[in-house]
Amino acid sequence: MGALVALAVKDLRRSVRSLFLMGMAFAAPLAICAIIAAAFAGSGGEDFEPVRVALVDERPGDDETLRAMWEDKAVGAVLAPTRADTLEAGRALLEDETVEVVVVLDAPEGGATRVRLYADAAGAVRPHVAEAVFDGMLDVQHGAVVVAQGAPPQEAAGRVAGYFSWLSSTSAADVRARLDVQPPDPAVKSRSMTERMKARVILAQLVFFAFFGAAFAGQTLLREEEEGTWTRLRATAQPLWVLLAGKALFVAVFVSVQTVVFLVAAPWLFGIDVGSAPAMGLSAIGLVSCTTGLGLALVSLIRTNKQGGPLIGAAMPLLGMLGGLFTAGVANLPPVMEVISLATPTGWAFRAFDLASSGARLVAVATTTAVCIGIGIGLATFALWRFRRRYAPIAGAT
Amino acid sequence: MPAPEVTAPAIDVEGLVCRYGDTTVVDGVSFSVHPGELVSLLGPNGAGKSTTISVICGLLAPVAGDARILGRSVLSDPLHARAQLGIVPQDLALYEDLSARENLTFWGRMAGLSGRRLQGRVDDVLALIGLADRSKDKVDTYSGGMKRRLNIGAALVHEPRVIIMDEPTVGIDPQSRRHILDSVKALNREGQAILYTTHHMEEAEELSDRVVILDHGKLIAAGTRAELVAQIGEKTRLRFVVPEARDEVMRAWDALDEVDSVTAHDDEVVLIVDDADAVLPRAFDAVAATCARVSHVSIEPPDLEAVFLHLTGRGLRD
């Protein structure tokens, strides 16, 4: 036991003195997450800046229905409306970025009202907000038509008036309160979509770098081979399993330290909610199991550090991609991606963190962690089998 | 497993056969190193020395044969056998980003030491290898010779009863080489059995109680230096440099009864004799009787180089 711990302590000491390892395991992921957090800072939280929209009404006559809706204070929460006299004037406002969307109302050949939206093609979400609001307005107008449909002319006016009265009573209430989405467990704090997305993206990056850290840490075995110390270790009175277990212990401790640093840094530096301590603790155990197993398994497949660069450099991003670590911020992924992610250790490790940070029940996190531990044990067993074949020329020495 | 007898050889190699693929690199090698004895394993590169050492250290499985350390088989009882060993590998096997003290402490722990005993042994070894004043510096700041000394020190922390040194003086300066050879002799004087591999005949001659000579994986001779020299019946060489009247003096030397043969190359003349002390005065009398002039003379007693040459037909460094 003393030799096993001595091996792990020695490797930890050497790791702390390795600028490369410290940089790749701690500095790089924290720096990347800081950049991600900074990117989210502009669009995060509840402070949605209304979309700047210009309305151009080219219809003949003086129909005020849509214009009245347009200037309703409920709409002002999401749209900042202004008016332009002509389409050219509206486009000029769009061109100089005074507005983000131009809405043009016209009635070609004196027919029904037509609505056209002009927006910068590069605008991802915000023009669609204006589109959705106008959809709603047209729905209201269409509702009035439906209410009046089939009624004799003397009744139609009364029905439309009643409809608008009902609409008026509902708009007076706080619409947002009724649209607020609550988590299934009332004990869990509600968070905005943006906060949730930021937490997922950052946690995915931290999980990815934990896997990278484990693979780099596992390479210390190859480094020992190249330095000649592995042969010397094998010639000591320690059985091979102690040497391999010492290496595995080092990788596990290294990733544990890395995970603790990430979990302390995540809320403190990046302002993300990592979930309850028990859930996060379980996720960390799952992550350490998966990363240690995968790190050792990858190193068991190679013979030199030179081979390690291409293999680990290719395998980790691939597993990260398949495990969903790079698409954590993408909504509505195809179901097949979810299935693929659960075929990877990265996917399971991230799933545990995702569940913990989203406030899922502890039993769900524990189940995922159990799968992670199983994957870790499986991979570590494979690695130990490979190492024993490689290093044990004499059966009695193992 | 019952404890072996205390009188068992420190190292006992018996009928060792090792192959890499179809190539037999060690072919039926047997020899022993007794407690307190220093034995050199001598042979040119590729003779099978390092393979033999690898088997003794438990790193390589032989096709046939066995090696025992103080009676413990490296095949059937490898951990106990290796516990008695201190191994100095041919290449440096140190952690260069750790200090000398950290290195020695680590290797001591791997040998099962701990606490005060470990720290005491680390201090002793640092003093022995002359690195006490640099013990806290990282190894990558050391000279080649200092690293070699530390490489030896790492094998001594746990006070092994048997030490194996695989060409520990390769690639170092003469001063460090001298320090290492003196340390080896000191360790041997303290009673430790040492198996020392080298392809430097002078080191084997200076250090060894006995010499085992390997070539092409086979043991070709073993014994004390005197036994080996006697075994091949090699004689002393008298080497003269004769810049003038060489042929004349050669005829005079050839006529002497005590001289077995006279050969010449350029101005150098070599006499093969049984007794150099008896021949030298008569040889110089012969010079005085001719017009020849001798500018240099050297006496070369039979050595291991000559033994190897005699047995294999080539030099150790060929």
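Two residues are taken to be in contact if their C-beta atoms, placed from the backbone, lie within 7 Å. With that cut-off in mind, and remembering that this is a predicted model, begin where the two chains meet: select the contact between chain A and chain B, to which chain B gives 26 residues and chain A gives 23 residues.

Stay on the chain B side of this contact and colour helix H2 (78-83) and helix H3 (100-110) of chain B, each of which supplies at least two of the residues that touch chain A. The largest share of that side, four residues, comes from H2(B). If you then colour the side of chain B that touches chain A by residue class, you will find 18 nonpolar, four polar and four charged residues.

Now turn to chain A, which has 16 helices and four strands. Its domain assignment gives a domain 1 made of two stretches, 2-42 and 192-397, and a domain 2 that covers 51-179, so select both stretches together when you colour domain 1 of chain A. Between the centres of domain 1 and domain 2 of chain A, taken over C-alpha atoms, there are 53 Å. Of the 398 residues of chain A, 35% count as buried, and among its contacts with a separation of 6 or more, 76% are between residues 24 or more positions apart.

For the last stop, select helix H8 (residues 193-218) and helix H13 (residues 305-322) of chain A, whose axes come within 10 Å and cross at roughly 155°. Are these two helices roughly parallel or roughly antiparallel? Because angles over 145 degrees count as roughly antiparallel, H8(A) is roughly antiparallel to H13(A). The crossing of H8(A) and H13(A) is right-handed.

Show the side chains where these helices meet: H8(A) contributes Phe208(A), Phe211(A), Phe212(A) and Ala215(A), while H13(A) contributes Ile312(A), Met316(A) and Gly320(A). By class, this contact of H8(A) with H13(A) holds six nonpolar residues, one polar residue and no charged residues.

Definitions and conventions:
Residues numbered from 1 in each chain as written. Chains lettered and ligands numbered in written order. Predicted model: local features only at pLDDT ≥ 70, side-chain atom pairs only at ≥ 80, totals over all residues. Nonpolar A, V, L, I, M, F, W, Y, C, P; charged D, E, K, R; others polar. Axes fitted to C-alpha atoms, helices over the stretch in contact; angles between N-to-C directions. Parallel < 35°, antiparallel > 145°, perpendicular 65-115°, else oblique. Left-handed = near helix turned anticlockwise from the far one by under 90°. Buried ≥ 20, exposed ≤ 12 C-beta atoms within 10 Å, placed from the backbone.
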